[in-house]
Amino acid sequence: MGTARRGARPGTRTHSRPGSDPDTSPTRPARPCRRPTHPSPHDESGPAAAAAGPEPKIFMSLLAVFSIANALTALAPSYGVLLATRVLAAVGAALYTPTANAVATSLVPPERRGRAIAVVMGGLTAATALGVPLGTWIGRTDWRLTMWLVTALGLAAFAGLALLLRELPQPAGGLSLRERLTPLANPRVLGAALTTFLVFLAFQTTYIYYTVATYPATGGDQDRLTLLLLVSGFASVGGGQLGGRLVDRWGSRPVILASGTAYLALATAFPWTLQSLPTALASSALTPLVGWSIAVALTARLASLDPANAPLLISLNSSALYLGIAAAGGTGSLAISLLGDRWFLLAGAGLAALAVAVATFTTREARLARTPAKPAPVRA
């Protein structure tokens, strides 16, 4: 969130040895043209010796906004007030995620960047996936109890940051909106952001209407639906951790394409696998496992394109993520009205196919651009 230096132009290309691509060679990261804005934890100075920057205050401010907004939701006397407080809570959460990802990547060496992102994404997946069934169960008697639980969790996180996150590397000054959008002129950055948008649009087109999609398997039974959501939640957390380790081992491109293809196959089978409880359970376990692996790999890939400006690129990726989630409600509703309660799931599969196609094209283009030209044959 504005932690890149003004001297380092966003979207700047990096230099590397011939054939070393940050998308496929995690053990040989490209050397940035400019010095990273955050000192490495392996430098002699290290983050502990860095001047205390405003990030802890930013984290705590965002969590305070989030917690207060949820408390106001629990106290909301009307639908209009409730809607306004939900928007305020969403602003706090949406600003917190890219800031946390950016700081996490600045505190570890490049070969551990995937696992650092997985830790942050693990919190996001646990909150969205495990929080849904938990909130559904608690809110059976009164939905306001769910909001008070979220408020308490936000305050607990606030207290944890106040105690444990006292010092971080000193960031540079903020960037203008125009400077923040400059990296989108880089086709690889634009392709990565577009892939993130399409992945979450595809996933949320189904997940937002999961009650409708799984009705044949649950029969409207709340306990069965909660079971499916719990399985999906645990698999989401596991998928983020798996994705982080695979990215650190194999690079982001193979993980994006392999997991994307697997998700496409699973999504195409939804109209059949969500018809009975046993197959719905299997689908609820496998789909988020590969889906959240893609999410971690996409974030790691953007960070690798220009390490000096990783915080800025990660913030763009988070914007694409939330745009995909926001647009999915309309996409799913339109698909249901056109295709019905069963076959609307194929709309998500089509979007997943488009995401895989975009990822394949944009990452392949980067590889070809880095392939050294073969020397001309010497004529006798």
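Trainee: How many aromatic pairs does the structure hold?
Mentor: Six aromatic pairs. Keep in mind that this is a predicted model. Take F203 and Y207: their rings are stacked, 5.6 Å centre to centre, with 10° between the planes.

Trainee: Where do F203 and Y207 sit in the chain?
Mentor: Both are in helix α7. They are four residues apart, so about one helical turn separates them.

Trainee: Buried or exposed, F203? And Y207?
Mentor: F203 is buried, at 13% relative accessible area. Y207 is buried too, at 17%. The cut-off for buried is under 20%.

Trainee: What about F203 and Y263, stacked or tilted?
Mentor: Tilted. The centres are 6.2 Å apart and the planes make an angle of 50°. F203 belongs to helix α7 and Y263 to helix α11, so this pair ties together parts 60 residues apart in sequence.

Trainee: Which residues make up the aromatic cluster?
Mentor: F203, Y207, Y210 and Y263 form one cluster.

Trainee: Let's stay on Y263. Why does Y263 count as buried?
Mentor: Because its relative accessibility is 5%, and buried means under 20%.

Trainee: What is Y263 in contact with, beyond its sequence neighbours?
Mentor: Leaving aside residues within four places in sequence, Y263 contacts A202, F203, T287, V290, I294 and A352.

Trainee: And the largest nonpolar core, which residues have the most contacts inside it?
Mentor: M121, Y263 and F344. That core has 47 residues. Elements giving two or more residues to this core include α4, α7, α11 and α15. Helix α13 supplies the largest share, nine residues.

Trainee: Switching to the outside. Which residues form the nonpolar patch on the surface?
Mentor: W272, L334, L338, L339, W343 and L346. Together they have about 620 Å² of accessible area. Helix α14, residues 310–343, gives the most, with four residues.

Trainee: L338 then, buried or exposed?
Mentor: Exposed, with a relative accessible area of 64%. L338 is found in helix α14.

Trainee: Zooming out, how many helices and strands does the protein chain have?
Mentor: It has 15 helices and zero strands. Of its 380 residues, 46% count as buried.

Trainee: What does the accessible surface of the chain come to?
Mentor: About 17,900 Å², and 67% of that belongs to carbon and sulfur atoms.

Trainee: Last one: what share of the contacts is between residues 24 or more positions apart?
Mentor: 82%, counting contacts with a separation of 6 or more.

Technical notes:
Residues are numbered from 1 along each chain as its sequence is written. This is a predicted model: local features need pLDDT of at least 70, side-chain atom pairs count only at pLDDT 80 or more; totals for chains, interfaces and linings use all residues. Side-chain values use heavy atoms; hydrogens and water are left out. Patches are made of residues with over 30% relative accessible area and no salt bridge: like charges are joined within 9 Å, nonpolar side chains (Val, Leu, Ile, Met, Phe, Trp, Tyr) within 5 Å. Accessible areas come from the Shrake-Rupley method with a 1.4 Å probe; for residues, only the protein chains shown count as cover. A salt bridge is a side-chain nitrogen of Lys or Arg within 4 Å of a carboxyl oxygen of Asp or Glu. Buried means under 20% relative accessible area, exposed over 50%, partly exposed in between (1.4 Å probe, protein chains only). A nonpolar core is a set of buried Ala, Val, Leu, Ile, Met, Phe, Trp, Tyr and Cys residues joined through side-chain atoms within 4.5 Å. Contact means heavy atoms within 4.5 Å. Rings of Phe, Tyr and Trp (its six-membered ring) pair if their centres lie within 6.5 Å; planes under 30 degrees apart count as stacked, over 60 as edge-to-face and the rest as tilted.
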